[in-house]
Every structure is written in C-alpha cells, then in structure tokens.
Amino acid sequence: MTNRIKIAIDLDRVLASYITAILPSIGPYPKASWAITELSKKYDLVVITARHPLFKKTTTKWINKFFAHKFNDILFLNYKTIFGPRSLKSDLCLENNVKIILDDKPRNILDCQKNGIKSYQFVKYTVASSNKNIKKLSNWSAV
C-alpha cells in the first residue's frame with residue numbers, strides 16, 4: 001500500500017478521443033503521454049471511464065499499449081444497461097480512495113466536489129463550463 005495521492009483521469013476527451021474504442025490504433029492526445037509519465041512519478045494514477053462494457057477489453061488493451069505501467073488501475077463505471085444500474089464517478093473515487101479527478105463533464109466535476117474530491121475540468125477537447133466553481137485546465141501542459 002502506498003501513501004501517495006491517487007488521481008483519477010477520465011479517458012474520453014481527456015486522454016484521447018472516443019474513437020479509440022472503435023479504432024484502438026489511434027493514440028492519445030498530444031502531450032498526454034508526457035503528462036501522465038510526469039504525474040506517475042509523484043502520484044498513483046487510475047483511469048476512470050464510463051465506456052460501455054462491450055469496450056472493456058479494447059479499452060484495457062489501449063491503456064496498456066499507450067500508457068504501459070503508468071496507471072495502477074482502470075475503473076469502469078456501471079453503464080446504464082442490462083449490466084447493472086448506472087454508478088457515479090464519485091462513488092468509484094470514494095471506494096478507491098481517489099483524492100483528485102480530472103474529467104471533461106461538469107456534472108461529474110460537481111458531483112465529485114460535493115463528495116470532497118478535488119476536481120478539475122479538462123477543457124481542451126470539450127466546452128468549458130460557465131460554472132465558476134469548476135476549476136478548468138486548458139491543456140496537458142497546464143496539468
């Protein structure tokens with residue numbers, strides 16, 4: 001067990017495009033690999049994603065291909081399907097002792113904040129929230 005702070009990083013629109021679930025040869029966003037390597041030197045990192053369960057194997061292979069040995073775990077939310085009720089990223093963060101999350105969706109950011117998880121919206125590949133309570137990161141260099 002490590003005493004390092006654990007950071008959860010969303011996959012889609014943060015590490016890479018949604019298309020990587022279908023075309024796994026497409027790599028991560030520019031500077032994502034560099035930033036993850038730097039963060040992994042100081043923090044324990046986990047991927048957190050709401051990708052459909054049908055993409056679990058492809059997603060895991062993609063993470064291992066482009067970020068080998070950088071992430072301690074890959075956390076998949078229960079997707080709202082026959083596989084189970086929808087879970088929240090805050091639930092997974094709390095269960096896994098995550099202290100910080102980097103996500104693109106304001107609703108995830110606000111829910112995590114409400115549950116005491118330091119949260120940042122990664123806005124390089126999405127629309128920034130107008131909510132002043134959401135801290136924004138413009139790109140991987142800012143992370």
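**Chat: a threonine, the core and some rings**

Trainee: What is Thr20 in contact with, leaving aside its neighbours within four places in sequence?
Mentor: Keep in mind this is a predicted model. Thr20 touches Ile26, Gly27, Arg51, Thr58 and Trp62.

Trainee: And where is Thr20 found?
Mentor: In the loop between β1 (6-10) and α1 (32-40).

Trainee: Is Thr20 buried or exposed?
Mentor: Buried, because its relative accessible area is 0% and the cut-off for buried is under 20%.

Trainee: OK, switching to the largest nonpolar core. Which residues touch the most other members?
Mentor: There are 25 residues in that core, and the ones you want are Ile9, Leu15, Ile36, Ile63, Phe71, Leu102 and Trp140. The largest share, 4 residues, comes from α1.

Trainee: What does Phe71 contact, again skipping neighbours within four places?
Mentor: Ile9, Leu15, Ile36, Leu45, Val46, Val47 and Ile63. Val46 turns up elsewhere too: a second, separate core of 11 residues includes Val46, along with Leu92, Cys112 and Ile117.

Trainee: Now rings. How many aromatic pairs are there in the whole structure?
Mentor: The search finds 4. In one, Trp62 and Phe66 have ring centres 5.2 Å apart and planes at 45°, so that pair is tilted. Both residues lie in helix α2, about one turn apart.

Trainee: How accessible are Trp62 and Phe66?
Mentor: Trp62 is buried at 1%, while Phe66 is partly exposed at 24%.

Trainee: Which residues do ring pairs link into a cluster?
Mentor: Trp62, Phe66, Phe67 and Phe71.

How values were computed:
Residues numbered from 1 in each chain as written. Predicted model: local features only at pLDDT ≥ 70, side-chain atom pairs only at ≥ 80, totals over all residues. Heavy atoms only, no water. Helix = DSSP H or I, 4+ residues; strand = E, 2+ residues; numbered from the N terminus. Buried < 20%, exposed > 50% of the residue type's maximum accessible area, 1.4 Å probe, protein only. Contact = heavy atoms within 4.5 Å. Core = buried A, V, L, I, M, F, W, Y, C linked by side-chain atoms within 4.5 Å. Phe/Tyr/Trp six-rings, centres within 6.5 Å; stacked < 30°, edge-to-face > 60°.
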